[in-house]
Amino acid sequence: MKTDSNIEFNEVINARKAFTQLEGSGDKYREFYKTELEKKNNALPPSKPFAQVEEILQKESRDIMVCLRTRPLFEHEVEAGNLKALSVRNPFTYAHKLEVRFNGMPKISSLPYEVDYAFGPEHDNKIIYDTIISSLIPLVLQGGIATTFTYGQTGSGKTYTLTGIQELVARDLINRINSPENLVKETGQSKFRVFLSFFEILGSQTFDLFNEREPLKILEDTFGVIQVSGAKEVEITSVEQFLELLKVAASYRKTENTFKNETSSRSHAICRIRTQNTLLQQLEDGKFFLVDLAGSERHDDSKFHGSDRLKETKAINKSLMTLKECIRARCLLETHQQYIHVPYRTSKLTLLLKDAFELATSRQCRTVVIANVSPSNTDIEHSLNTLRYTAPIRVTPQSTKPEPNPNNPATWTHEKMVQWIKSSSKFVDPKVLCPAETGLQLCRLPEGEFIARCLKCPGVTEKGAKIFYLRLWKLVIDARTKRRNETIAKNKKNFT
(Lines give C-alpha, C1' and ligand atoms only; values in the text may rest on other atoms or scores of the structure.)
Protein backbone atom coordinates (compact mmCIF):
# COMPACT_ATOMS: atom_id res chain seq x y z
CA MET A 1 0.00 0.00 0.00
CA LYS A 2 1.41 3.39 -0.99
CA THR A 3 1.30 6.04 1.71
CA ASP A 4 1.75 9.78 1.21
CA SER A 5 5.25 9.55 2.71
CA ASN A 6 6.18 6.68 0.31
CA ILE A 7 4.90 8.68 -2.65
CA GLU A 8 6.75 11.82 -1.56
CA PHE A 9 9.98 9.84 -0.98
CA ASN A 10 9.77 8.24 -4.43
CA GLU A 11 9.10 11.64 -6.01
CA VAL A 12 12.16 13.10 -4.31
CA ILE A 13 14.38 10.23 -5.51
CA ASN A 14 12.97 10.45 -9.04
CA ALA A 15 13.40 14.22 -9.16
CA ARG A 16 16.98 13.98 -7.95
CA LYS A 17 17.74 11.38 -10.60
CA ALA A 18 16.29 13.70 -13.23
CA PHE A 19 18.29 16.69 -12.07
CA THR A 20 21.48 14.62 -11.80
CA GLN A 21 20.98 13.33 -15.33
CA LEU A 22 20.21 16.82 -16.57
CA GLU A 23 23.31 18.29 -14.99
CA GLY A 24 25.62 15.45 -15.93
CA SER A 25 24.60 14.75 -19.51
CA GLY A 26 25.73 17.92 -21.22
CA ASP A 27 23.60 19.59 -23.87
CA LYS A 28 21.87 16.38 -24.98
CA TYR A 29 19.22 16.10 -22.25
CA ARG A 30 19.03 19.83 -21.65
CA GLU A 31 18.09 20.44 -25.27
CA PHE A 32 15.55 17.62 -25.05
CA TYR A 33 13.87 19.23 -22.06
CA LYS A 34 13.90 22.66 -23.65
CA THR A 35 12.40 21.32 -26.87
CA GLU A 36 9.73 19.25 -25.13
CA LEU A 37 8.75 22.11 -22.82
CA GLU A 38 8.41 24.41 -25.83
CA LYS A 39 6.19 21.84 -27.59
CA LYS A 40 3.98 21.48 -24.51
CA ASN A 41 3.66 25.25 -24.10
CA ASN A 42 2.70 25.69 -27.74
CA ALA A 43 0.04 22.98 -27.44
CA LEU A 44 -1.66 24.55 -24.42
CA PRO A 45 -4.91 26.51 -24.85
CA PRO A 46 -4.79 30.32 -24.51
CA SER A 47 -5.54 32.06 -21.24
CA LYS A 48 -9.05 33.23 -20.51
CA PRO A 49 -9.33 37.03 -20.09
CA PHE A 50 -9.69 38.04 -16.43
CA ALA A 51 -12.95 39.86 -17.23
CA GLN A 52 -14.46 36.63 -18.56
CA VAL A 53 -13.51 34.74 -15.39
CA GLU A 54 -14.87 37.56 -13.23
CA GLU A 55 -18.25 37.32 -14.94
CA ILE A 56 -18.44 33.59 -14.16
CA LEU A 57 -17.46 34.09 -10.51
CA GLN A 58 -20.06 36.82 -10.02
CA LYS A 59 -22.78 34.43 -11.16
CA GLU A 60 -21.56 31.78 -8.72
CA SER A 61 -21.68 34.25 -5.78
CA ARG A 62 -18.86 32.62 -3.83
CA ASP A 63 -17.33 34.07 -0.68
CA ILE A 64 -13.92 32.44 -1.11
CA MET A 65 -11.63 32.89 -4.11
CA VAL A 66 -8.49 30.83 -4.77
CA CYS A 67 -5.67 32.17 -6.96
CA LEU A 68 -2.18 31.15 -8.04
CA ARG A 69 0.75 33.41 -8.80
CA THR A 70 3.87 32.14 -10.58
CA ARG A 71 6.88 34.38 -10.10
CA PRO A 72 9.56 34.97 -12.76
CA LEU A 73 12.83 33.07 -12.70
CA PHE A 74 15.41 34.92 -10.63
CA GLU A 75 18.58 36.14 -12.29
CA HIS A 76 20.76 33.55 -10.55
CA GLU A 77 18.34 30.80 -11.66
CA VAL A 78 18.61 31.93 -15.27
CA GLU A 79 22.41 32.04 -15.02
CA ALA A 80 22.38 28.50 -13.60
CA GLY A 81 20.39 27.32 -16.62
CA ASN A 82 17.23 26.44 -14.70
CA LEU A 83 14.19 25.71 -16.85
CA LYS A 84 10.61 26.92 -16.44
CA ALA A 85 8.63 23.94 -15.21
CA LEU A 86 5.32 25.80 -14.88
CA SER A 87 3.05 27.21 -17.58
CA VAL A 88 0.24 29.65 -16.80
CA ARG A 89 -2.95 29.66 -18.88
CA ASN A 90 -5.59 31.36 -16.78
CA PRO A 91 -7.38 29.81 -14.91
CA PHE A 92 -4.98 26.82 -15.18
CA THR A 93 -1.39 26.38 -14.09
CA TYR A 94 0.39 23.41 -15.69
CA ALA A 95 3.21 21.72 -13.79
CA HIS A 96 5.82 19.95 -15.95
CA LYS A 97 7.78 17.46 -13.90
CA LEU A 98 11.13 16.48 -15.41
CA GLU A 99 11.76 12.77 -14.87
CA VAL A 100 13.99 9.94 -16.04
CA ARG A 101 12.58 6.61 -17.18
CA PHE A 102 13.84 3.30 -15.81
CA ASN A 103 15.98 2.92 -18.95
CA GLY A 104 17.67 6.27 -18.39
CA MET A 105 15.71 8.19 -21.01
CA PRO A 106 14.17 11.56 -20.04
CA LYS A 107 10.47 12.37 -20.05
CA ILE A 108 8.13 15.15 -18.94
CA SER A 109 4.93 14.51 -16.98
CA SER A 110 2.43 17.40 -17.05
CA LEU A 111 -0.54 18.02 -14.77
CA PRO A 112 -3.09 20.89 -14.86
CA TYR A 113 -4.26 22.67 -11.71
CA GLU A 114 -7.35 24.87 -11.95
CA VAL A 115 -8.03 27.83 -9.67
CA ASP A 116 -10.21 30.93 -9.98
CA TYR A 117 -7.40 33.16 -11.28
CA ALA A 118 -3.93 32.12 -12.42
CA PHE A 119 -1.36 34.93 -12.63
CA GLY A 120 1.91 34.53 -14.49
CA PRO A 121 5.35 36.19 -14.29
CA GLU A 122 4.11 39.00 -16.56
CA HIS A 123 1.46 40.13 -14.06
CA ASP A 124 2.61 42.69 -11.50
CA ASN A 125 1.12 43.51 -8.10
CA LYS A 126 -1.08 46.26 -9.55
CA ILE A 127 -2.80 43.88 -11.97
CA ILE A 128 -3.38 41.37 -9.18
CA TYR A 129 -4.74 44.09 -6.90
CA ASP A 130 -7.11 45.50 -9.52
CA THR A 131 -8.37 42.03 -10.44
CA ILE A 132 -9.03 40.40 -7.07
CA ILE A 133 -8.41 42.81 -4.16
CA SER A 134 -9.79 46.27 -4.98
CA SER A 135 -13.41 45.09 -4.77
CA LEU A 136 -12.86 44.21 -1.10
CA ILE A 137 -12.39 47.85 -0.05
CA PRO A 138 -16.07 48.88 -0.52
CA LEU A 139 -17.13 45.75 1.39
CA VAL A 140 -14.95 46.71 4.36
CA LEU A 141 -16.23 50.30 4.34
CA GLN A 142 -19.78 48.88 4.42
CA GLY A 143 -19.06 46.93 7.62
CA GLY A 144 -17.93 43.66 6.04
CA ILE A 145 -14.90 41.49 6.74
CA ALA A 146 -12.25 40.79 4.09
CA THR A 147 -9.29 38.45 4.40
CA THR A 148 -6.37 37.94 2.04
CA PHE A 149 -3.82 35.15 2.52
CA THR A 150 -0.53 34.67 0.70
CA TYR A 151 0.79 31.11 0.87
CA GLY A 152 3.76 29.25 -0.56
CA GLN A 153 7.20 27.83 -0.01
CA THR A 154 9.81 30.17 1.33
CA GLY A 155 11.29 32.11 -1.60
CA SER A 156 8.21 31.81 -3.80
CA GLY A 157 7.34 35.51 -3.62
CA LYS A 158 4.46 35.44 -1.11
CA THR A 159 5.84 38.21 1.11
CA TYR A 160 6.64 40.30 -1.98
CA THR A 161 3.05 39.80 -3.16
CA LEU A 162 1.44 40.75 0.15
CA THR A 163 3.76 43.72 0.74
CA GLY A 164 2.75 45.10 -2.65
CA ILE A 165 -0.93 44.52 -1.89
CA GLN A 166 -0.60 46.25 1.48
CA GLU A 167 0.87 49.34 -0.15
CA LEU A 168 -1.89 49.43 -2.77
CA VAL A 169 -4.57 48.94 -0.10
CA ALA A 170 -3.08 51.84 1.86
CA ARG A 171 -3.30 54.22 -1.11
CA ASP A 172 -6.70 53.01 -2.31
CA LEU A 173 -8.34 53.03 1.12
CA ILE A 174 -7.10 56.46 2.18
CA ASN A 175 -8.00 57.96 -1.21
CA ARG A 176 -11.51 56.47 -1.03
CA ILE A 177 -12.34 57.70 2.46
CA ASN A 178 -11.20 61.20 1.47
CA SER A 179 -13.17 61.29 -1.79
CA PRO A 180 -15.87 64.02 -2.03
CA GLU A 181 -18.80 61.61 -1.51
CA ASN A 182 -17.33 60.46 1.82
CA LEU A 183 -16.74 63.92 3.29
CA VAL A 184 -19.11 65.42 5.87
CA LYS A 185 -20.43 68.73 4.47
CA GLU A 186 -20.42 70.55 7.81
CA THR A 187 -16.81 69.73 8.71
CA GLY A 188 -15.15 68.76 5.43
CA GLN A 189 -13.75 65.71 7.24
CA SER A 190 -14.15 62.09 6.15
CA LYS A 191 -17.06 60.18 7.69
CA PHE A 192 -14.68 57.22 8.07
CA ARG A 193 -11.93 56.60 10.61
CA VAL A 194 -9.24 53.99 9.90
CA PHE A 195 -7.23 52.09 12.50
CA LEU A 196 -4.24 49.80 11.97
CA SER A 197 -2.70 47.04 14.09
CA PHE A 198 -0.02 44.53 13.18
CA PHE A 199 0.94 41.34 14.98
CA GLU A 200 2.44 37.93 14.33
CA ILE A 201 1.45 34.44 15.42
CA LEU A 202 4.33 32.10 16.20
CA GLY A 203 2.97 28.69 17.16
CA SER A 204 0.61 29.36 20.06
CA GLN A 205 2.19 32.73 20.86
CA THR A 206 1.19 36.16 19.53
CA PHE A 207 3.40 39.27 19.46
CA ASP A 208 2.65 42.94 18.77
CA LEU A 209 4.76 44.29 15.91
CA PHE A 210 3.75 47.87 16.74
CA ASN A 211 4.96 47.54 20.33
CA GLU A 212 8.41 45.94 20.18
CA ARG A 213 7.04 42.37 20.11
CA GLU A 214 5.06 42.62 23.33
CA PRO A 215 3.14 39.36 23.97
CA LEU A 216 -0.58 39.40 23.14
CA LYS A 217 -3.52 37.08 23.75
CA ILE A 218 -6.18 36.06 21.26
CA LEU A 219 -9.35 35.43 23.25
CA GLU A 220 -13.04 34.83 22.65
CA ASP A 221 -15.17 36.95 25.00
CA THR A 222 -18.53 36.03 26.56
CA PHE A 223 -20.35 37.49 23.52
CA GLY A 224 -18.41 35.28 21.12
CA VAL A 225 -16.34 38.19 19.79
CA ILE A 226 -12.63 37.58 19.17
CA GLN A 227 -10.37 40.05 20.95
CA VAL A 228 -6.63 40.58 20.58
CA SER A 229 -5.93 41.61 24.16
CA GLY A 230 -3.28 44.32 24.52
CA ALA A 231 -2.77 45.01 20.80
CA LYS A 232 -1.64 48.52 19.96
CA GLU A 233 -3.94 50.16 17.41
CA VAL A 234 -2.96 53.34 15.56
CA GLU A 235 -5.38 55.69 13.81
CA ILE A 236 -4.29 56.34 10.23
CA THR A 237 -4.64 59.78 8.69
CA SER A 238 -2.38 59.60 5.61
CA VAL A 239 -0.90 57.18 3.11
CA GLU A 240 2.62 58.08 4.21
CA GLN A 241 1.84 57.23 7.85
CA PHE A 242 0.29 53.93 6.78
CA LEU A 243 3.34 52.92 4.71
CA GLU A 244 5.79 53.93 7.44
CA LEU A 245 3.96 51.78 10.00
CA LEU A 246 4.12 48.81 7.64
CA LYS A 247 7.92 49.19 7.52
CA VAL A 248 8.10 49.35 11.32
CA ALA A 249 6.07 46.15 11.66
CA ALA A 250 8.16 44.32 9.05
CA SER A 251 11.36 45.14 10.95
CA TYR A 252 10.09 43.25 14.01
CA ARG A 253 8.88 40.12 12.21
CA LYS A 254 10.65 36.87 13.05
CA THR A 255 12.76 35.37 10.25
CA GLU A 256 15.35 32.59 10.26
CA ASN A 257 17.91 31.03 7.96
CA THR A 258 16.49 27.87 6.38
CA PHE A 259 17.51 25.47 3.63
CA LYS A 260 15.65 27.51 0.98
CA ASN A 261 15.93 31.08 2.25
CA GLU A 262 18.26 33.07 4.49
CA THR A 263 15.36 35.22 5.74
CA SER A 264 12.48 32.75 5.83
CA SER A 265 9.29 33.96 7.51
CA ARG A 266 8.75 31.74 10.54
CA SER A 267 5.48 33.31 11.67
CA HIS A 268 2.08 34.31 10.34
CA ALA A 269 2.08 38.11 10.03
CA ILE A 270 -1.35 39.75 10.30
CA CYS A 271 -2.02 43.31 9.22
CA ARG A 272 -5.47 44.24 10.58
CA ILE A 273 -7.29 47.30 9.25
CA ARG A 274 -10.42 48.46 11.03
CA THR A 275 -12.78 51.06 9.55
CA GLN A 276 -15.43 53.01 11.45
CA ASN A 277 -18.35 54.90 9.91
CA THR A 278 -18.94 57.89 12.20
CA LEU A 279 -22.35 58.70 10.67
CA LEU A 280 -23.89 55.22 11.05
CA GLN A 281 -23.54 54.33 14.72
CA GLN A 282 -25.42 51.05 14.28
CA LEU A 283 -23.05 49.78 11.59
CA GLU A 284 -20.44 47.24 12.62
CA ASP A 285 -16.82 48.26 12.06
CA GLY A 286 -15.34 46.85 8.86
CA LYS A 287 -12.21 44.72 9.09
CA PHE A 288 -9.56 43.81 6.56
CA PHE A 289 -7.04 41.09 7.47
CA LEU A 290 -3.94 40.87 5.27
CA VAL A 291 -2.13 37.68 6.25
CA ASP A 292 1.36 36.71 5.14
CA LEU A 293 1.52 33.03 6.10
CA ALA A 294 4.73 31.44 7.34
CA GLY A 295 6.80 29.85 4.60
CA SER A 296 5.90 26.22 4.00
CA GLU A 297 8.60 23.57 3.82
CA ARG A 298 8.75 19.94 2.81
CA HIS A 299 9.98 17.37 5.31
CA ASP A 300 12.98 16.66 3.09
CA ASP A 301 14.23 20.24 3.51
CA SER A 302 13.79 20.33 7.28
CA LYS A 303 16.35 17.55 7.87
CA PHE A 304 19.10 20.18 7.99
CA HIS A 305 17.35 22.10 10.80
CA GLY A 306 18.20 22.08 14.46
CA SER A 307 15.63 21.04 17.05
CA ASP A 308 14.22 24.60 17.37
CA ARG A 309 13.76 25.01 13.61
CA LEU A 310 12.23 21.55 13.40
CA LYS A 311 9.67 22.38 16.08
CA GLU A 312 8.83 25.61 14.27
CA THR A 313 8.39 23.75 10.98
CA LYS A 314 6.03 21.22 12.57
CA ALA A 315 3.97 24.01 14.18
CA ILE A 316 3.84 25.94 10.89
CA ASN A 317 2.72 22.93 8.86
CA LYS A 318 0.08 22.00 11.45
CA SER A 319 -1.29 25.54 11.41
CA LEU A 320 -1.36 25.61 7.59
CA MET A 321 -3.24 22.31 7.43
CA THR A 322 -5.82 23.61 9.93
CA LEU A 323 -6.28 26.72 7.79
CA LYS A 324 -6.74 24.55 4.69
CA GLU A 325 -9.38 22.43 6.45
CA CYS A 326 -11.27 25.53 7.60
CA ILE A 327 -11.27 27.20 4.18
CA ARG A 328 -12.35 24.04 2.37
CA ALA A 329 -15.04 23.24 4.94
CA ARG A 330 -16.38 26.79 4.69
CA CYS A 331 -16.45 26.50 0.88
CA LEU A 332 -18.37 23.23 1.06
CA LEU A 333 -20.77 24.72 3.57
CA GLU A 334 -21.44 27.64 1.23
CA THR A 335 -21.65 25.86 -2.11
CA HIS A 336 -23.16 22.47 -1.24
CA GLN A 337 -25.81 23.61 1.23
CA GLN A 338 -24.87 20.96 3.79
CA TYR A 339 -23.49 21.10 7.30
CA ILE A 340 -19.76 20.51 7.64
CA HIS A 341 -17.80 21.15 10.82
CA VAL A 342 -15.34 24.04 10.50
CA PRO A 343 -12.55 23.51 13.09
CA TYR A 344 -11.58 27.18 13.44
CA ARG A 345 -10.83 26.88 17.18
CA THR A 346 -7.98 24.44 16.48
CA SER A 347 -5.36 27.16 15.92
CA LYS A 348 -4.83 30.76 16.99
CA LEU A 349 -4.84 32.00 13.39
CA THR A 350 -8.20 30.46 12.47
CA LEU A 351 -9.68 31.51 15.82
CA LEU A 352 -8.67 35.10 15.08
CA LEU A 353 -10.49 34.83 11.73
CA LYS A 354 -13.58 33.25 13.29
CA ASP A 355 -16.03 35.50 11.41
CA ALA A 356 -14.72 34.25 8.07
CA PHE A 357 -15.52 30.65 9.05
CA GLU A 358 -18.40 30.92 11.54
CA LEU A 359 -21.75 29.47 10.57
CA ALA A 360 -23.82 31.76 12.78
CA THR A 361 -22.69 35.20 11.61
CA SER A 362 -24.56 38.01 9.89
CA ARG A 363 -21.33 39.66 8.72
CA GLN A 364 -20.56 39.71 5.00
CA CYS A 365 -17.17 38.01 4.58
CA ARG A 366 -14.97 37.58 1.54
CA THR A 367 -11.69 35.64 1.48
CA VAL A 368 -8.94 35.59 -1.16
CA VAL A 369 -6.19 32.97 -1.10
CA ILE A 370 -3.11 33.69 -3.22
CA ALA A 371 -0.76 30.71 -3.52
CA ASN A 372 2.72 31.59 -4.76
CA VAL A 373 4.97 29.21 -6.68
CA SER A 374 8.42 29.17 -8.22
CA PRO A 375 8.63 28.19 -11.92
CA SER A 376 12.12 26.71 -11.62
CA ASN A 377 12.56 23.01 -12.39
CA THR A 378 14.71 22.72 -9.24
CA ASP A 379 11.71 23.82 -7.15
CA ILE A 380 9.13 21.60 -8.84
CA GLU A 381 8.55 19.41 -5.76
CA HIS A 382 7.86 22.50 -3.64
CA SER A 383 5.60 23.94 -6.31
CA LEU A 384 3.68 20.67 -6.61
CA ASN A 385 3.16 20.66 -2.84
CA THR A 386 1.75 24.18 -3.03
CA LEU A 387 -0.50 23.25 -5.96
CA ARG A 388 -1.75 20.15 -4.12
CA TYR A 389 -2.43 22.25 -1.04
CA THR A 390 -4.28 24.94 -2.97
CA ALA A 391 -6.32 23.07 -5.58
CA PRO A 392 -8.63 21.23 -3.11
CA ILE A 393 -9.51 24.53 -1.39
CA ARG A 394 -11.33 25.67 -4.51
CA VAL A 395 -14.86 24.28 -4.38
CA THR A 396 -17.26 25.05 -7.21
CA PRO A 397 -21.03 25.29 -6.61
CA GLN A 398 -23.25 22.33 -7.37
CA SER A 399 -24.85 22.46 -10.81
CA THR A 400 -28.31 21.94 -9.29
CA LYS A 401 -29.78 24.81 -7.31
CA PRO A 402 -30.86 24.08 -3.72
CA GLU A 403 -34.56 23.58 -3.20
CA PRO A 404 -36.38 26.67 -1.87
CA ASN A 405 -36.65 26.57 1.90
CA PRO A 406 -39.60 28.57 3.30
CA ASN A 407 -37.54 29.23 6.44
CA ASN A 408 -34.28 30.27 4.74
CA PRO A 409 -34.26 33.69 2.99
CA ALA A 410 -31.05 32.76 1.14
CA THR A 411 -33.13 30.38 -1.03
CA TRP A 412 -36.05 32.71 -1.72
CA THR A 413 -37.06 34.15 -5.05
CA HIS A 414 -37.40 37.88 -5.54
CA GLU A 415 -41.18 37.63 -5.24
CA LYS A 416 -40.96 35.69 -1.97
CA MET A 417 -38.53 38.24 -0.56
CA VAL A 418 -40.82 41.15 -1.48
CA GLN A 419 -43.70 39.34 0.20
CA TRP A 420 -41.67 38.86 3.40
CA ILE A 421 -40.57 42.52 3.52
CA LYS A 422 -44.16 43.69 3.17
CA SER A 423 -45.35 41.39 5.96
CA SER A 424 -42.42 42.18 8.28
CA SER A 425 -42.27 45.99 8.15
CA LYS A 426 -44.77 48.74 7.52
CA PHE A 427 -42.01 51.27 6.81
CA VAL A 428 -39.46 49.47 4.62
CA ASP A 429 -40.39 49.71 0.95
CA PRO A 430 -39.47 46.56 -1.02
CA LYS A 431 -38.96 48.66 -4.16
CA VAL A 432 -36.19 50.55 -2.36
CA LEU A 433 -34.59 47.73 -0.36
CA CYS A 434 -35.04 44.95 -2.88
CA PRO A 435 -35.78 46.35 -6.35
CA ALA A 436 -34.66 43.21 -8.22
CA GLU A 437 -32.60 41.02 -5.86
CA THR A 438 -33.33 37.42 -4.98
CA GLY A 439 -33.07 36.29 -1.38
CA LEU A 440 -29.45 35.20 -1.85
CA GLN A 441 -28.48 38.50 -3.48
CA LEU A 442 -30.08 40.51 -0.67
CA CYS A 443 -28.35 38.36 1.95
CA ARG A 444 -25.02 39.06 0.24
CA LEU A 445 -25.62 42.80 0.42
CA PRO A 446 -23.11 44.46 2.81
CA GLU A 447 -24.69 45.64 6.05
CA GLY A 448 -23.88 49.28 5.31
CA GLU A 449 -25.65 49.17 1.95
CA PHE A 450 -28.65 47.36 3.50
CA ILE A 451 -29.02 50.01 6.21
CA ALA A 452 -28.49 52.86 3.71
CA ARG A 453 -31.32 51.55 1.52
CA CYS A 454 -33.65 51.20 4.49
CA LEU A 455 -32.91 54.79 5.55
CA LYS A 456 -34.21 56.02 2.18
CA CYS A 457 -37.67 54.82 3.24
CA PRO A 458 -39.74 57.43 5.17
CA GLY A 459 -40.16 56.59 8.84
CA VAL A 460 -37.15 54.25 9.09
CA THR A 461 -34.54 55.12 11.72
CA GLU A 462 -30.96 53.87 11.78
CA LYS A 463 -31.73 51.66 14.77
CA GLY A 464 -34.85 50.33 13.06
CA ALA A 465 -32.85 49.51 9.91
CA LYS A 466 -30.30 47.60 11.98
CA ILE A 467 -33.03 45.62 13.77
CA PHE A 468 -34.62 44.74 10.42
CA TYR A 469 -31.24 43.60 9.07
CA LEU A 470 -30.71 41.35 12.11
CA ARG A 471 -34.26 40.01 11.81
CA LEU A 472 -33.54 38.84 8.27
CA TRP A 473 -30.25 37.29 9.27
CA LYS A 474 -31.77 35.53 12.27
CA LEU A 475 -33.86 33.53 9.82
CA VAL A 476 -30.75 32.62 7.81
CA ILE A 477 -28.77 31.58 10.89
CA ASP A 478 -31.70 29.63 12.36
CA ALA A 479 -32.03 27.71 9.07
CA ARG A 480 -28.31 26.93 9.03
CA THR A 481 -28.41 25.82 12.67
CA LYS A 482 -31.40 23.57 12.06
CA ARG A 483 -29.63 21.96 9.12
CA ARG A 484 -26.53 21.45 11.25
CA ASN A 485 -28.50 19.81 14.07
CA GLU A 486 -30.34 17.55 11.64
CA THR A 487 -27.05 16.45 10.07
CA ILE A 488 -25.45 15.77 13.46
CA ALA A 489 -28.49 13.75 14.58
CA LYS A 490 -28.45 11.77 11.33
CA ASN A 491 -24.73 11.04 11.65
CA LYS A 492 -25.16 9.86 15.24
CA LYS A 493 -28.00 7.57 14.19
CA ASN A 494 -25.92 6.09 11.37
CA PHE A 495 -22.96 5.65 13.70
CA THR A 496 -24.97 3.77 16.30
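Colleague: Leaving aside neighbours within four places in sequence, with which residues is leucine 219 in contact?

Modeller: The model is a predicted one, and in it leucine 219 belongs to strand E9, which covers residues 214-220. Once the neighbours within four places in sequence are set aside, the contacts of leucine 219 are Val225, Ile226, Gln227 and Ser229.

Colleague: Is leucine 219 buried, partly exposed or exposed?

Modeller: The relative accessibility of leucine 219 is 42%. Burial requires a value under 20% and exposure one over 50%. Because 42% lies in between, leucine 219 counts as partly exposed.

Colleague: What is the phi of arginine 213?

Modeller: Arginine 213 is also found in the loop between E8 and E9. Its relative accessible area of 26% makes arginine 213 partly exposed. Although arginine 213 is not a glycine, its phi is positive and comes to about 60°.

Colleague: Is the peptide bond from asparagine 90 to proline 91 cis or trans?

Modeller: Proline 91 sits in the loop between strand E2 (86-89) and strand E3 (92-100). The omega of the bond from asparagine 90 to proline 91 is near 5°, and this peptide bond is cis.

Colleague: Which residues does asparagine 125 touch, not counting residues up to four places away in sequence?

Modeller: Asparagine 125 lies in helix H5, residues 125-133. Its relative accessibility of 11% places asparagine 125 among the buried residues. Beyond four places in sequence, asparagine 125 touches Arg69, Tyr160, Thr161, Gly164 and Leu168.

Colleague: How far is asparagine 125 from tyrosine 160 in space, C-alpha to C-alpha?

Modeller: Tyrosine 160 is among the residues that asparagine 125 touches. The two residues, asparagine 125 and tyrosine 160, are 35 residues apart in sequence, and their C-alpha atoms are separated by 8.8 Å.

Colleague: Which residues does glutamine 166 touch, not counting residues up to four places away in sequence?

Modeller: Glutamine 166 is part of helix H7, which spans residues 158-177. The relative accessible area of glutamine 166 is 8%, so this residue is buried. With residues up to four places away left out, glutamine 166 touches Phe198, Leu246, Cys271 and Leu290.

Colleague: What is the volume of the largest cavity?

Modeller: Across the whole structure, the search for cavities of 30 Å³ or more finds one. The volume of the largest cavity is about 30 Å³.

Colleague: Which strand and which helix each supply at least two residues of the lining of the largest cavity?

Modeller: The lining consists of Phe149, Tyr151, Leu293, Leu323, Ile327, Val369, Tyr389 and Ile393. By class, these comprise eight nonpolar, no polar and no charged residues. The elements that each supply at least two lining residues are strand E6 (145-152) and helix H9 (307-335).

Colleague: What percentage of the residues in the chain is buried?

Modeller: The secondary structure of the chain comprises 17 helices and 16 strands. Its accessible surface is about 24200 Å², and carbon and sulfur atoms hold 52% of that. Of the 496 residues in the chain, the buried share is 53%.

Colleague: Among contacts in the chain with a separation of 6 or more, what share is accounted for by residues 24 or more positions apart?

Modeller: The contacts counted here are those in the chain with a separation of 6 or more. Of these, the share of residues 24 or more positions apart is 71%.

Definitions and conventions:
Residues numbered from 1 in each chain as written. Predicted model: local features only at pLDDT ≥ 70, side-chain atom pairs only at ≥ 80, totals over all residues. Heavy atoms only, no water. Helix = DSSP H or I, 4+ residues; strand = E, 2+ residues; numbered from the N terminus. Buried < 20%, exposed > 50% of the residue type's maximum accessible area, 1.4 Å probe, protein only. Contact = heavy atoms within 4.5 Å. Areas by Shrake-Rupley, 256 points an atom, 1.4 Å probe, with all protein chains shown as cover. 1 Å grid on protein atoms, 1.4 Å probe; cavity = no way out; pocket = protein on both sides within 12 Å on 5 of 7 lines; lining within 4 Å. Points joined across faces, edges and corners; volume = space filled by probe spheres on them. Nonpolar A, V, L, I, M, F, W, Y, C, P; charged D, E, K, R; others polar.
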